[in-house]
Amino acid sequence: PQWLLALMIFLGAQMLVRLWAGEALERDESEQVLWAQQLALGFGTQPPLYTWLQRAVFEVVGVSVLGLTLLKHGLIALTYLFTYAAARTLMPAALAALASASMLLLPRMSVDSHRDLTHVVLCTTLTAATFWVLLALRRRQTPWAYAALGLVVGLGLLSKYSYVLVALALLLALSTAPDTRALLLHRGMALALA
């Protein structure tokens, strides 16, 4: 679809701008270069998932601005795709594409995420993935969907501590309506918790 091509062009241009800007690192990028040198259960005030992913990317392409840019923009692309997929469960494709593209109206997504954010980018990606999984689960309660919910929530908790607020807000929202409350009481929730 055209929106996907537009997304690829936009993100490709953002990557080229970052690579063209040179080897000088922003604060979060500098931390990742330092922290990715070893595996740990946490880094500074942040949980470990972003740094673990960054280390894996560095293992493939080397410690470089390219490695930093590939991970960050790959996660940004996934955020747009998960948002589209979540919206697609509720509306036609054209409107879902607009819903995904509307994130460009948020300066944190359209500017800051390309410049110097790391853990926030991953947390945003996993929040979008959580919404998608929950909407899919609402349509069809399968063991795989509950396992996927447990996986994305677990990864979300490893992405940034503020993801706890997302999880609590979703839990509260799900508990307010009878049809969504049933999702919480379904036996598959034990699989998600595991």
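Me: What is the volume of the largest cavity?
Reply: The model is predicted. With the threshold set at 30 Å³ or more, the count comes to 1 cavity. The volume of the largest cavity is about 40 Å³.

Me: Which helix supplies the largest share of the lining of the largest cavity?
Reply: The lining of this cavity includes Arg18, Glu29 and His114, and Leu68, Thr69, Lys72 and His73 also belong to the lining. The largest share, 4 residues, comes from H4.

Me: Which residue forms a network of salt bridges with Arg27 and Asp28?
Reply: Aspartate 28 forms a salt bridge with arginine 27, the closest N and O atoms being 3.3 Å apart. Arginine 27 counts as exposed at 56% relative accessibility, whereas aspartate 28 is buried at 9%. The network that links Arg27 and Asp28 also holds Glu31.

Me: Which residues does aspartate 28 touch, not counting residues up to four places away in sequence?
Reply: Aspartate 28 is placed in helix H2, residues 27-35. With residues up to four places away in sequence left out, aspartate 28 touches Asp116, Leu117 and Thr118.

Me: Why are aspartate 112 and arginine 108 separated by about one helical turn?
Reply: The two residues form a salt bridge, with the closest N and O atoms 3.7 Å apart. Aspartate 112 is buried at 17% relative accessible area, while arginine 108 is partly exposed at 46%. The separation is about one helical turn because the two residues are 4 residues apart in helix H6.

Me: Which helices each supply at least two residues of the nonpolar patch?
Reply: The surface patch is formed by Leu16, Leu19, Val60, Val61, Leu66 and Leu70, with about 520 Å² of accessible area together. Leucine 66 is found in helix H4 and is partly exposed, with a relative accessible area of 37%. The helices that each supply at least two residues are H1, H3 and H4.

Key
Residues are numbered from 1 along each chain as its sequence is written. This is a predicted model: local features need pLDDT of at least 70, side-chain atom pairs count only at pLDDT 80 or more; totals for chains, interfaces and linings use all residues. Side-chain values use heavy atoms; hydrogens and water are left out. Patches are made of residues with over 30% relative accessible area and no salt bridge: like charges are joined within 9 Å, nonpolar side chains (Val, Leu, Ile, Met, Phe, Trp, Tyr) within 5 Å. Accessible areas come from the Shrake-Rupley method with a 1.4 Å probe; for residues, only the protein chains shown count as cover. A salt bridge is a side-chain nitrogen of Lys or Arg within 4 Å of a carboxyl oxygen of Asp or Glu. Buried means under 20% relative accessible area, exposed over 50%, partly exposed in between (1.4 Å probe, protein chains only). Contact means heavy atoms within 4.5 Å. On a 1 Å grid over the protein atoms alone, a cavity is a set of points where a 1.4 Å probe fits but cannot get out, and a pocket is an open set with protein on both sides within 12 Å along at least five of seven lines; lining residues have an atom within 4 Å of a point. Grid points are joined across faces, edges and corners, and a volume is the space filled by probe spheres set on the points.
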